[in-house]
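Dear colleague,

Please find the structure below, handed over for your own reading. My notes on it follow.

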Amino acid sequence: EKGGYDHFMIKEIYEEPQVIKDTLSEADKVHEIVKKFKKFDRIYFVACGTSYHASLVGEYLIESQIGIPTEVILASEFEYFQKTLDDHTLVIFLTQSGETADTIKALKIAKQKSETLAIVNVVGSSITREADHVIYTRAGPEISVAATKTYISQLVCIYLLVGYLGENQEILTKLEEVPEYAEELLDSENQIEQIAKKYKDSKDFFYIGRGFNYPTALEGALKLKEITYIHGEGYPAGELKHGPLALIDKNIPVVGILPPGSSYMKTYNNLEEIRARGADMIILGASDDKMIFDIEDKILFDPDIDEILAPLLYIIALQLLAYFISVEKGIDPDKPKNLAKSVTVE
Ligand code: F6R
């Protein structure tokens, strides 16, 4: 059942290129749903955990590429925001399992006043019976407790949504290249395993990203916490100097997400400030980036990966990093302690 892999998690990561293709085949259905939307002038995303991080990517994309005011609310906090719901608001629920109690509760509140869309992996799950519209993410069953391929499939759905909502053919066309880039990255597995071996005994990690890749930093840190029990903290690159820089020293490895594009230089400068404090750097960047040539621990990506699509690809490296650290520490990554695959209590 693990198809020759040691764990479900690594099998599921290796399925990601195919999951991207399968989810892209839902494009026409996404387009049909977008055509049916009533008029709205605001979007809320509601989700928990990894699905919350996918929603944050959605917020950055919709705000920057389409210009519709968008907000992401944790499902467990949603009831405190319900007074602002109205019939000009679209509320999007992201949930892999479709059974998360916090998310279902929020949907029941939202549907009384607003149009609702659920983006779900499990066919026929509870949430699909409550929402006005449903999009399936086509990741297939995910056995490992930590969400990996379902996150990727949620992102693909979000990009499709943004492409059709914003009538942005460029994004839709670029998406077609993503499965190939994902395959390429999986080939650099060995390099990531070496980095994992080097840092497995660290007690704290920081993950730094900006813009579309701030959520990537959060999700990378969540994966680390869940399956290695190491403290990992995701932070927006520009925010470090407003506090956390005080605790950075050589014992804290910092994972910097540095794709080429409009935010490159600012993020680079923020990472330089960290490096000056003596922290070990693990940089995710383009293979032709000369500015990072002297960094020892690097995970390199195709330089042609568009900045907008980087969240879909850079996270794969961070999933692998967490996986290899977990294995190095002798933990079973598929079954982290204290966690359940679907959380059916509030
Ligand atoms: C993280 C993880 C959890 C889930 C969260 C929401 O790897 O699996 O954080 O993302 O419990 O679950 P769904 O998406 O099923 O609502």
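Does cysteine 48 count as buried, partly exposed or exposed? Cysteine 48 counts as partly exposed, because its relative accessibility is 22%; buried means under 20% relative accessible area, exposed over 50%, and partly exposed in between, with a 1.4 Å probe and protein chains only.

Before the remaining findings, a word on the basis of the values. This is a predicted model, in which local features need pLDDT of at least 70 and side-chain atom pairs count only at pLDDT 80 or more, while totals for chains, interfaces and linings use all residues. Residues are numbered from 1 along each chain as its sequence is written, and side-chain values use heavy atoms, with hydrogens and water left out.

Cysteines

A search of the whole structure finds zero disulfides, a disulfide being a pair of cysteine sulfur atoms within 2.5 Å. The cysteine sulfur closest to that of cysteine 48 belongs to cysteine 157, and at 18 Å it is too far for a bond. Cysteine 157 is buried, with a relative accessible area of 0%.

The largest pocket

On a 1 Å grid over the protein atoms alone, a pocket is an open set of points with protein on both sides within 12 Å along at least five of seven lines, whereas a cavity is a set of points where a 1.4 Å probe fits but cannot get out; lining residues have an atom within 4 Å of a point. The volume of the largest pocket is about 570 Å³, where grid points are joined across faces, edges and corners and a volume is the space filled by probe spheres set on the points. Helices H4 (49-66), H5 (101-110), H6 (149-165) and H10 (214-228) and strand E3 (89-95) each supply at least two residues of this lining. Helices (H or I, at least four residues) and strands (E, at least two) are DSSP runs, numbered from the N terminus. By class, the lining has nine nonpolar, twelve polar and five charged residues; Ala, Val, Leu, Ile, Met, Phe, Trp, Tyr, Cys and Pro count as nonpolar, Asp, Glu, Lys and Arg as charged, and the others, Gly among them, as polar.

The cavity

The whole structure holds one cavity of 30 Å³ or more, and about 60 Å³ of space lies in the largest cavity. Its lining divides into eight nonpolar, no polar and two charged residues.

Helix H9

Which residues of helix H9 (residues 189-199) are buried? They are Ile192, Ile195, Ala196 and Tyr199. These residues lie on the same side of H9, because they cover an arc of only 105 degrees around the axis, the arc being that of the directions from the helix axis to the C-beta atoms. What covers them includes strands E6 (204-209), E9 (281-286) and E10 (297-301) and helix H12 (310-328).

Two further residues

Histidine 7 is found in the segment before helix H1 (8-14) and counts as buried, at 15% relative accessibility. Leaving aside neighbours within four places in sequence, histidine 7 is in contact (heavy atoms within 4.5 Å) with residues including Tyr323, Val327 and Asp332. Glutamate 180, in helix H8 (residues 178-186), counts as exposed, at 61% relative accessibility.

Yours sincerely
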